[in-house]
Amino acid sequence: MGIPSADWLVRPIGPVDEAEVSAVLAERFGVTGTVHDLGSQQDRNYRVRTETGDYVLKIANPAADPAALRAQCAAVERLADASGLRLPRAHAGVDGEVVQWLSAGGVELVCQLLDYVPGEPIMDSRYLAPPVVARLGELAGRVVAGLADFAGVEQERPQLWDLRNALTVVETLAPHLPDQERAARVLRASRAAHTLLEPFVDRLPVQVIHGDVTDNNVVCEPASDGRRMPVGVIDFGDLGLGWTVAELAVTCASVLHHHGAGPASVLPAVHAFHAVRPLANEEVDALWPLVVLRTSVMVVSGQYDTLLDPGNSYASVALDREWAMFEAAVSVPAEVVTAQLRHALGRPSARLLPVAEHALLPGLPDDVASLDLSVSSEELHTGRWLAPDAETVLARATLTAGHTAVRTRHGEFRLTRTTVDDSVPAATCALGVELHLTGPAEIRAPWAGTVTRHGDTGVTLHTGGLDLLLDGVAAEVQPGPVVSGRRLGTVAAHEGVRVLGIQLFRSCATGGRPPRFAPPELAAGWLEVCPDPTRLFLALDAPDASSSAPDDAPLSARDAQQAITEAELLERREHSFATVQEHYFETPPQIERGWRHHLVDTRGRGYLDMLNNVTILGHGHPGLGEAVHRQWRRLNTNSRFHYASVVELSERITGLLPAELDTVFLVNSGSEAVDLALRLAWAATGRQDVVAVEEAYHGWTYASDAVSTSIADNPNALASRPPWVHTVAAPNSYRGRHRGPQARRYAPEAAARIRELADQGRPLAAFVCEPYYGNAGGMALPDGYLRQVYEATRDVGGLCVADEVQVGYGRLGSHFWGFEQQGVVPDIVTVAKAMGNGHPLGAVITRRDIADAYRTQGYFFSSAGGSPVSSVVGLTVLDALRDEDLQTNAREIGAHLKGRLLELAERHALIGAVHGSGLYLGVEFVRDRESLEPATEETAAICDRLRELGVIVQPTSDRQCVLKIKPPLCLTRRSADVFADALDDVLTHGW
């Protein structure tokens, strides 16, 4: 097979003997040290270690121009003075020149000695987080800004990596490559991209650029969260004249081979580049075609290099990576990505539709109903949206209600397209509409064009770069030209149903048909390419479809409007809602729907809820919703009135507890429950001193906050507690003062502290503790802990308070109450959260004598505690827990999930321990399993990445290094596996 020849094609250098390398180092640069080959695609790079520092000896390709190498050194010096980046500055040889010569294999080669720039690369395929991608774009922007007026380069011949030559490179090399199927595909993509680029080539700014600011040519330092953040740029071997925006295109292309990357992944880089060096409109339009061309050149040149030098492992290893970049670059039409980029930069296009001279469906009645299939739909309740035929069922119900036609909405993020238990966001944004009809309807061409047929019932009308795609047509027209108003056929009937799919599509250079739905991250781009067809058959209260007006902005730009709405809503929240009431995640999704153990945002993205220990039954529980609805319509008042539900709830709760705990107070929250429990203890004992466990959270009222010792919730918790609060060490058997078998020491130490306080004249009113250590991440107390501590408390006349707000109600699986696991009976039990499944409901359960003692303080009253609605909620939750056997589910699914997590701990060193029981679990991350240094920042970053994969989870513990895993008790085995698989993905591929 012949090898092509061109000025820009060069043969890679073969290996140079390391003895020769050492000799030239000593002779030309006066440097001695050890030499290691770093590999390169066309040049040769050797790392040189000396006693005074490290260098890189770069031996340039024989085609290299010494003047170009000197220009590279000058460019580095320019940037070193202005950019603040780590850069490979050149060292002069013994003769004062930065370019030196050596002879290898009878060939004269030029070389340079450069600073070795310390840091790690990010060329491996691990996931790149948005902040890392943004830093890449920022670096590219800083480089082009620093070189904007640099004039030290003269190019006498075309350069391989200059994207102005990209199509020539591809067309020259593609016919000679071994894999002709791939070569043909690359060639088609390159020509299509070049077609899109041609209108701008004379308007794109040209300057000296680095030409290769990629994941392979940046050096990074680990940030506190473990992410590798770029801090420097190396390898100026491709320095030369080129389009300024090509620098960004090269950077974006390098992102695409990383784990989980796609076209939308480059947006942070584009934003960051634009912030440093603003992009003109034509540069935005040229960017993605240049990305396609860059990846195409990489594919053909990589195969060419391995053809010339089969032993070059550096080039051959890169082939799969280069193909992955190309595949990602062409996975979406360039026109779509360009529209998405314009939207992201606030520059949406205003493009006209052709004039509709005739109605598409002239006999259509005016009373066409609109289906609401969005996340906020009132019709799609109680999980009906998960049914595969949900859209058809709702449409038929609407038709049955008296309408003759029903339409869906263009640009709507459909709840019916949401998927659950899936790490890949579903395509939820409708790029067309469907029209459901009860009777026949004729279809006419709204404008002149050419008709083609697809499938049995598909018709496409082509008109000047715009396609009207119709599905569900009993076609009468033959393929070929048609005039405006020509009858195309009728809406076809299938099993008694008439449904017409209507979609507009601005033809793309790569051809093909558009999808019916777009993923949220590219919805704005797809909506630009697929404008709203509704006005072709229906008059709306916006610009007339018969006029040459811009596309229907409120509909075709629905994605843009949605983004604005989410951002504005967050801004309004921060303006009117106390900021101390924090929200999860820096850029939180707007969650407006929940079902069982899943949440859905306004774009139809489904999330697995592994966090929400409040909704113990799950979100949207139909029985609970119906019970509340019925009671609200009947009565809601306060518990001073006499009605059955408050009695029934009190009896049901006491029936779940030991016989001596026979009296109930109903309140609104866990904070109030703990506060009341302490007040009961004060009244019953006549004392105030309380002992609490360190690193615990009990609430926000005065008393419950006073005994909350978690510094994660209140950094001043230990220093600011009142004098009547005393603490004992957190009985943390994993990282506390006593670990493993030695954790048995916590109980006698706590008991001794309680007796010591009594001896000092401060006998306790109460000891308060979660019976399963929650704030630490779901950790069991040491065996016998509460038995010994309760005994000491009662010996000094105090009462024992079990805070079951998080752990009670069957979450442990093995026990309904946490204190049962310790084999004790408390004097007072507090419960909330799960008790109301999200409704504000809590309770304090105690003995009658303790409850009666509160009379000395006056009377107790809670306006909403124990109201008819609240009581019905509490009863319905208990019914569901029993009828759906959720405690058993917690035990079985929790055991399966914990087993999966323990297996992950065997493979991932970051997992220090897996705590908990049932569906009350915690995964603790540590940087070192010996020192147990908490991986706090890594945990936060992991939570962010898990959210991207569709899992909602948050950190807990004072060190914020534990994943809090407390999902609704309806969690399924499938969803447990989805979570474990997602966590495995993050720990394997990065965060």
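Does Lys-833 count as buried, exposed or partly exposed, and at what relative accessibility? In this predicted model, Lys-833 counts as partly exposed, at 31% relative accessibility. The residue is found in the loop between β33 (828–831) and β34 (842–846). Lys-833 has a positive phi of about 45° although it is not a glycine. Most residues other than glycine have a negative phi.

Asp-235 lies in the loop between β9 (228–233) and β10 (240–243). With a relative accessibility of 27%, Asp-235 counts as partly exposed.

Helix packing was examined next. Two packed helices are described by the angle between their axes and the distance between the axes. For helix α4 (residues 166–173) and helix α8 (residues 281–308), the axes come within 9 Å. They cross at roughly 35°. The crossing of α4 and α8 is left-handed. On the α4 side, the contact involves Ala-166, Val-169, Val-170 and Leu-173. These meet Leu-293, Ser-296, Val-297, Val-300, Ser-301 and Tyr-304 in α8. The residues of this contact divide into 8 nonpolar and 2 polar, with no charged residue.

An open sheet was also found. It has 3 strands in the order β15-β21-β19, with antiparallel pairing. β15 (442–444) and β19 (473–475) stand at the edges. Each has a single partner strand, so one side of each is left without a neighbour in the sheet. Neighbouring strands of this sheet are turned by 40° against each other on average, direction ignored. β15 pairs with β21 (residues 487–491) in the antiparallel sense, over 3 bridges. Within this part of the sheet, Arg-444 stands opposite Arg-487 in β21.

The structure holds 0 disulfides. Cys-73 is in no disulfide, and the nearest cysteine sulfur, that of Cys-111, is 11 Å away. A disulfide requires sulfur atoms within 2.5 Å. Cys-73 is buried, with a relative accessible area of 10%. Cys-508 is likewise in no disulfide. For Cys-508, the nearest cysteine sulfur is that of Cys-530, 7.7 Å away. Cys-508 counts as buried, at 8% relative accessibility.

Note on methods. Residues numbered from 1 in each chain as written. Predicted model: local features only at pLDDT ≥ 70, side-chain atom pairs only at ≥ 80, totals over all residues. Heavy atoms only, no water. Pairing = 2+ DSSP bridges. Helix = DSSP H or I, 4+ residues; strand = E, 2+ residues; numbered from the N terminus. Axes fitted to C-alpha atoms, helices over the stretch in contact; angles between N-to-C directions. Left-handed = near helix turned anticlockwise from the far one by under 90°. Contact = heavy atoms within 4.5 Å. Nonpolar A, V, L, I, M, F, W, Y, C, P; charged D, E, K, R; others polar. Buried < 20%, exposed > 50% of the residue type's maximum accessible area, 1.4 Å probe, protein only.
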